[in-house]
Amino acid sequence: VLVDHRKAKTPRRPGHKKTSNTEKDPVGVYCRIRPLGADDEECCVEMISNTTIQLHPPDGLKANRNGDFKETQYSFKKVFGIQTTQKELFEDVAKPLIEDLIQCKNGLLFTYGVTGSGKTFTMTGSPGQGGLLPRSLDMLFNSISPYQAKRYVFKPDDKNGLEIQSQVDALLERQKRENMQSVPKTPVSRQKADPEFADMISPEQACKYDSVDEDSSYSVFVSYIEIYNNYIYDLLEDAPFDPIRPKTPQSKILREDQNHNMYVAGCVEVEVKSTEEAFEVFWKGQKKRRIANTQLNRESSRSHSVFIVKLAQAPLDADGDHILQDKNQVNVSQLCLVDLAGSERTSRTRAEGNRLREAGNINQSLMTLRTCIEVLRENQMCGTNKMVPYRDSKVTHLFKNYFDGEGKVRMIVCVNPKADDYDETMLVMRFAEMTQEVEVARPVDRAIYALPAGRRHRNQAFKEELSRRLEERGGPSNADDPELMNQLIDSLPALPACELLDATDDQTLPRLVEVLERRHRIRQMMTKQFSKSMLQDFDSNFSAKENFIHDQRGKLGEKDKVISSQKTELERLENKSKTLEYKIDILQKTTNIYEEDKRSLQQELETREQRLHRELSERKRMEQRMQGMVADTKHKWEKECERRVNAKQLEMQNQLWVKDEKLKQLKAIVTESSSGSAGPTERPDKPQRPSREKDRPGDVFKTRGGGQAVQFTDIETLKQECPTASSSRKRRSGSGTDDQENRVSC
């Protein structure tokens with residue numbers, strides 16, 4: 001038996017055939033400038049034309065760089081100034097993507113810029129100034145609303161595809177979901193009203209696409225995810241609420257479907273049938289999105305949010321009554337609306353802890369996006385075939401199919417013109433300029449099932465005609481009433497005797513025929529009169545009923561007006577209440593953020609106060625120690641100086657005594673030589689050397705060298721007198737001047 005080993009291998013999935021045409025379109029990059037926060041702030045961005053802006057370096061940067069600066073200009077597909085409304089931005093950027101979505105073409109629209117540059121306002125908007133997302137939903141449902149399929153006819157297959165259910169299965173599914181939703185999952189006190197769509201867009205600003213295929217049936221599915229710290233979380237996932245042990249949401253993974261398109265596995269897809277319902281789903285997920293307060297933005301987005309609108313459409317059958325039960329004929333197109341988190345510098349935001357980690361992941365994902373754009377640009381311009389690092393970040397990995405030619409790509413660069421953001425704005429402008437040079441393959445039109453056009457219209461006309469005929473058949477009957485027939489018969493002429501007694505009787509039958517003919521003429525005349533009277537009565541009754549109906553309709557119209565006015569007032573009050581509750585919710589979040597910041601700052605202040613108190617006490621102890629050391633050192637040096645002074649005085653006294661001794665010896669020699677002839681005389685007593693211990697007043701203490709030193713307590717003047725002057729002193733003992741002169745002469 002021969003075995004074909006090739007059959008044992010896993011067959012390769014048939015890849016999605018890329019479009020054969022070579023037509024490419026560049027990535028559409030738009031620029032929007034937000035107003036300054038204050039009038040006295042310095043502006044560094046100037047709008048030159050509707051396609052060009054110019055960056056001016058701020059004065060502080062000029063001074064720091066010693067005058068080495070230059071003004072740069074950047075071009076875009078279109079520049080929107082500070083006076084641009086949300087409607088004008090939508091018509092130029094997002095409206096063509098909605099038209100492509102209805103025509104079975106994909107689209108990607110994302111906002112990019114520095115934190116606090118207006119990305120979230122551009123995408124979401126505010127009450128009275130709806131952004132791109134609510135306006136896109138409004139235009140989509142205004143266009144396909146008459147042609148939507150019933151709920152649960154289209155069903156997701158959890159593999160990025162859709163299945164078609166029969167009418168019976170869809171009905172059973174609806175009944176099952178209604179029974180499940182009858183029991184609330186969360187307490188009523190936790191449910192808060194969301195702002196309605198009517199608060200975002202005024203009716204006169206509504207848009208509609210007229211070229212919708214009427215022979216198809218449509219259904220819209222929405223999903224909402226966020227990419228936080230390079231993990232994907234589903235914002236529409238209903239996790240059981242546990243106030244004691246709240247569970248952290250589980251991250252989702254990216255997978256590839258059979259057409260090699262990336263999707264988030266296990267992501268909740270909600271089928272919506274109106275703009276209000278879709279917007280309510282969006283706000284449900286928006287409450288779970290991670291935001292935080294930073295130095296640059298009070299409500300800074302700490303994650304990349306992705307709102308996916310998926311449109312499923314399938315053709316009607318030949319009768320134009322039901323959807324064609326063929327999964328291969330279901331066309332699915334999607335539009336991704338992405339609000340990227342803003343790039344920021346931690347030196348300016350002063351982020352710490354979790355905020356610092358979030359900022360690092362945000363900057364890393366944006367850097368990966370820039371790297372992918374650079375590699376794509378290099379491959380297209382230089383003809384290289386480098387691998388684009390889509391897998392380095394969840395953001396680029398999720399949208400790799402769009403850059404490979406699965407739909408149009410549009411980017412809105414939001415710019416804050418204040419001078420403090422000049423360096424970050426310069427980097428954003430360079431990235432935007434590089435992105436415009438990347439070209440994406442133009443998507444082709446998808447094939448539509450070949451069925452005659454106008455099927456829905458013909459089916460609708462047939463149903464209207466059938467209902468009209470059934471109404472006619474079910475109207476009042478024209479059969480005669482038996483009582484009226486008896487009265488009519490009694491009013492006719494009586495019949496003559498019609499017995500034939502003889503075969504030759506020729507009078508009875510002609511007389512009977514004549515009577516019958518007369519009765520027939522009378523019956524016809526009475527029938528005409530009765531019909532005429534009946535028609536008159538019917539007309540009068542009909543006129544009376546019409547007048548009554550007209551009066552009742554007038555009264556009903558008045559009541560409808562009253563009810564409509566009351567409903568309008570009630571809706572206005574409900575909308576106002578919901579708007580106020582939404583504002584209260586936002587203010588509560590802001591208050592919680594401020595309270596958390598206040599607590600952290602208060603803790604930091606207390607910590608610093610404790611540290612300062614410890615430092616002050618330590619300084620006091622150090623001062624006391626230094627004062628003690630200074631006092632000890634001072635006392636020590638005073639004693640040392642005193643000892644050295646005493647030693648020096650003793651040394652000088654010794655030197656003076658030696659000199660006196662030498663002088664006395666010299667005088668003695670001179671005296672002996674002069675009085676040699678006189679004979680020997682009695683010499684005066686030899687002066688004694690001053691004693692260190694007895695003759696010197698003071699204290700005696702030992703020195704370091706082992707000797708002794710005297711600490712004088714009194715100053716004594718040493719006097720040396722000449723022997724010859726003793727007699728003169730006796731004669732003039734009272735004269736102190738002579739003594740001083742003798743001492744000087746000696």
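**Surface patches, an annotated loop and backbone exceptions**

At 57% relative accessibility, Asp-420 counts as exposed, where exposed means over 50% relative accessible area, buried under 20% and partly exposed in between (1.4 Å probe, protein chains only). The structure is a predicted model, in which local features need pLDDT of at least 70 and side-chain atom pairs count only at pLDDT 80 or more, while totals for chains, interfaces and linings use all residues. Residues are numbered from 1 along each chain as its sequence is written, and side-chain values use heavy atoms, with hydrogens and water left out.

Asp-420 is placed in the loop between β22 (407–415) and α13 (422–435); helices (H or I, at least four residues) and strands (E, at least two) are DSSP runs numbered from the N terminus. On the surface, Asp-420 belongs to a patch of negative charge together with Asp-39, Asp-40, Glu-41 and Glu-42. Patches consist of residues with over 30% relative accessible area and no salt bridge, with like charges joined within 9 Å and nonpolar side chains (Val, Leu, Ile, Met, Phe, Trp, Tyr) within 5 Å. A salt bridge is a side-chain nitrogen of Lys or Arg within 4 Å of a carboxyl oxygen of Asp or Glu. Asp and Glu count as negative, and the place of the charge is taken as CG of Asp or CD of Glu.

Met-626 is part of helix α16 (residues 508–674) and is partly exposed, because its relative accessible area is 42%.

An unreviewed UniProt entry places the feature "binding site" at Gly-113, Val-114, Thr-115, Gly-116, Ser-117, Gly-118, Lys-119 and Thr-120; such annotations may be inferred rather than shown by experiment. Within this set, Gly-116 is located in the loop between β7 (106–113) and α5 (119–123). Ser-117 also lies in the loop between β7 and α5. Gly-116 counts as buried because its relative accessibility is 15%, and Ser-117 is likewise buried, at 3%.

Most residues other than glycine have a negative phi. Cys-104, although not a glycine, has a positive phi of about 65 degrees. Cys-104 is situated in the loop between α4 (95–102) and β7 and is buried, with a relative accessible area of 10%. Asn-230, also not a glycine, has a positive phi of about 65 degrees. Asn-230 occupies the loop between β12 (216–228) and β13 (231–234) and counts as partly exposed, at 29% relative accessibility.

Notes
Accessible areas come from the Shrake-Rupley method with a 1.4 Å probe; for residues, only the protein chains shown count as cover.
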